[in-house]
Amino acid sequence: MSDLTVSPALLQPAPAPPAATARMRETAAAFEASFLAQMLKPMFEGLSTDGPFGGGEAEATWRGFMIDAMAGQTVKAGGIGLADQVVSQMLRMQEQSQ
């Protein structure tokens with residue numbers, strides 16, 4: 001019988017390289033922004049673009065870009081936590097594949 005002891009730290013999977021984690025964070029943030037844009041889209045459906053302060057056809061044409069920008073800014077401001085969950089799951093999946 002051997003008296004060798006193995007440190008628990010040695011049994012833990014190696015952390016993902018910082019570059020890979022940064023790419024995961026970018027991907028997760030883009031996913032959260034896309035999700036938020038899809039959630040915001042119905043809020044603007046049926047909005048009238050006529051009237052003295054309406055933008056007419058141009059407003060309707062560019063509304064999608066505005067919604068995407070709003071979703072992106074929401075993510076930059078901290079988002080709803082979806083990106084954090086996605087990154088966590090991606091790291092878990094990466095650990096399981098090693």
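Some ground rules. The model is predicted, so local features need pLDDT of at least 70, side-chain atom pairs count only at pLDDT 80 or more, and totals for chains, interfaces and linings use all residues. Residues are numbered from 1 along each chain as its sequence is written, and side-chain values use heavy atoms, with hydrogens and water left out.

Start with the fold. The protein chain has four helices and zero strands. In sequence order the pattern reads α-α-α-α. Helices here are DSSP runs of H or I with at least four residues, strands are runs of E with at least two, and numbering goes from the N terminus.

How much of the chain is buried? Of its 98 residues, 17% are. Buried means under 20% relative accessible area, exposed means over 50%, and partly exposed lies in between, with a 1.4 Å probe and protein chains only. The areas come from the Shrake-Rupley method with that 1.4 Å probe, and for residues only the protein chains shown count as cover.

Now the packing. Two packed helices are described by the angle between their axes and the distance between the axes. Axes are lines fitted to C-alpha atoms, for helices over the stretch in contact, and angles run from 0 to 180 degrees between N-to-C directions.

Take helix 2, residues 18-44, against helix 3, residues 56-76. The angle is about 130°, and the axes are 8 Å apart. So helix 2 is oblique to helix 3. On the cut-offs: under 35 degrees is roughly parallel, over 145 roughly antiparallel, 65 to 115 roughly perpendicular, and the rest oblique. The crossing of these two helices is right-handed. Right-handed means the near helix is turned clockwise from the far one by less than a right angle; anticlockwise makes it left-handed.

Next, helix 2 against helix 4, residues 82-97. Their axes come within 8 Å and cross at roughly 135°. Helix 2 is therefore oblique to helix 4 as well. This crossing, too, is right-handed.

A71 sits in helix 3. A71 is buried, at 0% relative accessible area. Q38 is in helix 2, and Q38 is partly exposed at 44%. Q38 and G64 are 10.0 Å apart, C-alpha to C-alpha, and 26 residues apart in sequence. F35 is also in helix 2. Its C-alpha lies 9.9 Å from that of D68, 33 residues away in sequence.

On to salt bridges. How many does a search of the whole structure find? Two. The criterion is a side-chain nitrogen of Lys or Arg within 4 Å of a carboxyl oxygen of Asp or Glu.

One pairs D84 with R25, at 2.9 Å from N to O. This pair links distant parts of the chain, with D84 in helix 4 and R25 in helix 2, 59 residues apart. D84 is partly exposed at 42%. R25 is partly exposed at 36%.

The other pairs E59 with R63, where the closest N and O atoms are 3.3 Å apart. Both residues lie in helix 3, four residues apart, about one turn of the helix. Are the two partners buried or exposed? E59 is partly exposed, at 29%. R63 counts as buried, at 14%.

R63 has another pairing in space. E45 belongs to the loop between helix 2 and helix 3. At 57% relative accessibility, E45 is exposed. E45 and R63 are 9.8 Å apart, C-alpha to C-alpha, and 18 residues apart in sequence.

Last, the surface. Which residues make the nonpolar patch? F31, F35, M39 and I80, over about 410 Å². Patches take residues with over 30% relative accessible area and no salt bridge; like charges are joined within 9 Å, and nonpolar side chains (Val, Leu, Ile, Met, Phe, Trp, Tyr) within 5 Å. F35 is partly exposed, with a relative accessible area of 34%.

Helix 2 crosses helix 3 right-handed. Helix 2 crosses helix 4 right-handed.
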